[in-house]
Amino acid sequence: MSDSFPTDLIAPGDRLDAWLVHAKQICGDCRFHFPKRLPFFGSIQRRVLAGSALTCFSSTPVAFAKFPAIAATAPDRDYIIITQLQGTRRYCQSGGMAILSPGDTTLIDAGQPWTSECAEDCVRLYLRLPRWVVHEQLQRSQLPVLPRILGKYGLGATLLHLARSMYTQSEMMTIDEGTIALEAYLKILGGCLTRPDSSSTKLDRCAQLRPRVEHYIECNLGERELKPAAIAAAIGISIRHLHRLFASKGWTVVSWIRERRLERCRTDLANPRLSDRSMTEIALAWGFSDSAHFSHCFREEFGISPRRFRKSALAGGLETIDPDYSGAELARSSQRVSSAYH
């Protein structure tokens, strides 16, 4: 079984939103940022091998933070084995970091928050497997955080070639054949993890704190009292340190919260299942104090009024920029997103 979504046949102005719709169906609760918003292209190709999902993501530069819906201690959580096929990409999780070049592989615990970013066109292959399967096949109770397995030589190169082969041949394999291939792949993966050069890079304390802060903000966006003092107290750091964490990426704490709330509102406004909820109700649910302030912020961020955006989205369109939106305002909005990842 396979499912393919390319943006090639979609109007350039609609490609990003269309890609996001498909990506979020697979990735779930993710916060995406696009350092180079336009022009955008991408594709998502999903295949199944012996009941396990193999997904190939391709796109222009994109960064994201993943906040898992499943508890980190849940016994049925998954692992994601990532094979980098094109571009150099950074992955961060639980204080570890892996920078993957084309051919390299790493392992993500899907029960923990994680982030990923790149500054160039990128293609990566995700293999999602149940946690118990990985532990049983590798015969290890503990797995390293974000190991970096080099794909240039030895077992790492073999792992790369087998991952590509499983993806391209998945539709030709029976369930039994796919099971054999997965068992062989995990056996090679286990051998790669024993190599000393497969360890991840440890992040400094500042780099570890930011994902924690972002996760806290993401989980409390609907709270009116989500302010720097409350966030700093919850994380256990000073307000000054909190401001430094965001200033290093070109943001303020307040602007970050506003951007995240606006993105949540934007998602809800485009959701047909929430069409009976008023725009004011949606805005208040995500922490805005009144509808007028929300409308002003929405238009400033996205270049279109929330009412017009909702009408277009629910009618099946993907209109994102108002013709009356000035080029200067658009440039400022794009710069805010870009500065966060440079």
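**Cores, Pocket and Cavities in a Predicted Chain**

Among contacts in this chain between residues at least 6 apart in sequence, 70% join residues at least 24 apart, where contact means heavy atoms within 4.5 Å. The model is predicted, so local features need pLDDT of at least 70 and side-chain atom pairs count only at pLDDT 80 or more, while totals for chains, interfaces and linings use all residues. Residues are numbered from 1 along each chain as its sequence is written, and side-chain values use heavy atoms, with hydrogens and water left out.

Of the 342 residues, 49% count as buried, meaning under 20% relative accessible area, with exposed over 50% and partly exposed in between (1.4 Å probe, protein chains only). The chain exposes about 16300 Å², of which carbon and sulfur atoms supply 54%; the areas come from the Shrake-Rupley method with a 1.4 Å probe, and for residues only the protein chains shown count as cover.

I turn now to the nonpolar cores. A core here is a set of buried Ala, Val, Leu, Ile, Met, Phe, Trp, Tyr and Cys residues joined through side-chain atoms within 4.5 Å. The largest has 31 residues, and those touching the most other members are Val-213, Ile-217, Ile-231, Leu-242, Phe-246, Phe-294 and Phe-298. Elements giving two or more residues to this core include helix H5 (205–219), helix H8 (253–269) and helix H10 (291–302). H8 gives the most, with six residues. Apart from this core lies another, of 27 residues, among them Tyr-79, Leu-107, Val-123 and Leu-138.

Not counting residues up to four places away in sequence, Leu-242 touches Val-213, Pro-228, Ile-231, Ala-232, Ile-237 and Val-253.

H8 also holds Glu-259. Is Glu-259 buried or exposed? Glu-259 counts as buried because its relative accessibility is 7%. Leaving aside neighbours within four places in sequence, Glu-259 is in contact with His-33, Trp-251 and Glu-301.

On a 1 Å grid over the protein atoms alone, a cavity is a set of points where a 1.4 Å probe fits but cannot get out, and a pocket is an open set with protein on both sides within 12 Å along at least five of seven lines; lining residues have an atom within 4 Å of a point. Grid points are joined across faces, edges and corners, and a volume is the space filled by probe spheres set on the points.

The largest pocket has a volume of about 720 Å³. Its lining comprises 24 residues, with Val-21, Lys-24, Arg-266, Thr-267 and Ala-270 nearest the centre. Which element gives the most to this lining? That is H8, with six residues. By class, the lining of this pocket has eight nonpolar, six polar and ten charged residues; Ala, Val, Leu, Ile, Met, Phe, Trp, Tyr, Cys and Pro count as nonpolar, Asp, Glu, Lys and Arg as charged, and the others, Gly among them, as polar.

There are three cavities of 30 Å³ or more.

How values were computed: Helix = DSSP H or I, 4+ residues; strand = E, 2+ residues; numbered from the N terminus.
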